[in-house]
Amino acid sequence: MDDYPITCYEHDVLPERLREIPQPPRALWARGGIPDPSHLLLTVVGSRKATPYGIAACNELIASLAGLPVSIVSGLALGIDACAHEAALRARMHCIAIPGSGLHEQVLAPAQHRLLATRILAAGGCLLSPFPPTHHATKYSFPARNRIMVGMSHAVLVIEATEKSGTLITARLAAEYNRELGVVPGSIFAPGSAGPHQFLTLGATPIYNAASLRELLGLREAPTLPYSTTTQTTPSLPTHAVQILETLVEPLTVSAIQAQTKLETSTLQAALTLLEIQGYVTRAHGRIQRHQLPT
């Protein structure tokens, strides 16, 4: 993971949806590639003791989103979380993992998914955490990371959860933060169906095929970029970030940007990630393209 340095972002540069939640995080630590700002974020959560039915449903539904502007968010945990990450990787979708720990390799939890975390980074995804890099996971840190997963997302999908599952906390947060909540119905004989069925009675959307999942995300029609390509300089950005923006009169490779700005690699990557997380630039076909956020 040494190839993916940890960067800290303070409140003012966090994703807008995350800043809107009650008591938003003061900072967020990140490794890897922030998603294209035009992407919808789908948080997928469920039982750590996933059944073959739950795994099959997770694989099928995420595969149905391949090629669409969607990033899959989950918590790197056992069961449905890991299944969601693996399904996103197979579908070549952008993937975000938010563990209940810091992002230093020695504390990343769970330990058995550190290789999975590395694969997510290698595929262009990212790791995010509200905790300092060396923070060890505790039973109190998981509800805190669940707030981040729901807060930054456009919709939450629940696949299997027992009646007292921690997954239900995440589902309740979706309602509290006014996020779309979808649940996969299950067998009336399965303990893992108790949680989803509870939320179905409270008005959650049943997700039973690809079309219903796309509808949950509002993908009846192809989404468009939420900003134009007109150039704009903002004085609120750090000097290095503004310097990069000024070079982007046309899409450029990272190497070309570095050649023009003469920035050190670590400084360049940190500034590019900041610009991505704020939506000023996107990556496409190996090049960095500049956009303008709406005024």
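## Second largest pocket

The lining of the second largest pocket divides into twelve nonpolar, twelve polar and six charged residues; Ala, Val, Leu, Ile, Met, Phe, Trp, Tyr, Cys and Pro count as nonpolar, Asp, Glu, Lys and Arg as charged, and the others, Gly among them, as polar. This is a predicted model, in which local features need pLDDT of at least 70, side-chain atom pairs count only at pLDDT 80 or more, and totals for chains, interfaces and linings use all residues. Residues are numbered from 1 along each chain as its sequence is written, and side-chain values use heavy atoms, without hydrogens and water.

A pocket is an open set of points on a 1 Å grid over the protein atoms alone, with protein on both sides within 12 Å along at least five of seven lines; lining residues have an atom within 4 Å of a point. Of the 30 lining residues, Gly33, Ile34, Gly124, Glu276 and Arg283 lie nearest the centre. Helix 11 (265-278) is one of the elements supplying at least two lining residues, and its five are the largest share.

## Nonpolar cores

A nonpolar core is a set of buried (under 20% relative accessible area, 1.4 Å probe, protein chains only) Ala, Val, Leu, Ile, Met, Phe, Trp, Tyr and Cys residues joined through side-chain atoms within 4.5 Å. The largest has 48 residues, and Leu128 and Ile244 have the most contacts inside it. Helix 11 gives the most to this core, five residues. Apart from this core lies another of 41 residues, including Val44 and Met93.

Conventions. On a 1 Å grid over the protein atoms alone, a cavity is a set of points where a 1.4 Å probe fits but cannot get out, and a pocket is an open set with protein on both sides within 12 Å along at least five of seven lines; lining residues have an atom within 4 Å of a point. Helices (H or I, at least four residues) and strands (E, at least two) are DSSP runs, numbered from the N terminus. Buried means under 20% relative accessible area, exposed over 50%, partly exposed in between (1.4 Å probe, protein chains only).
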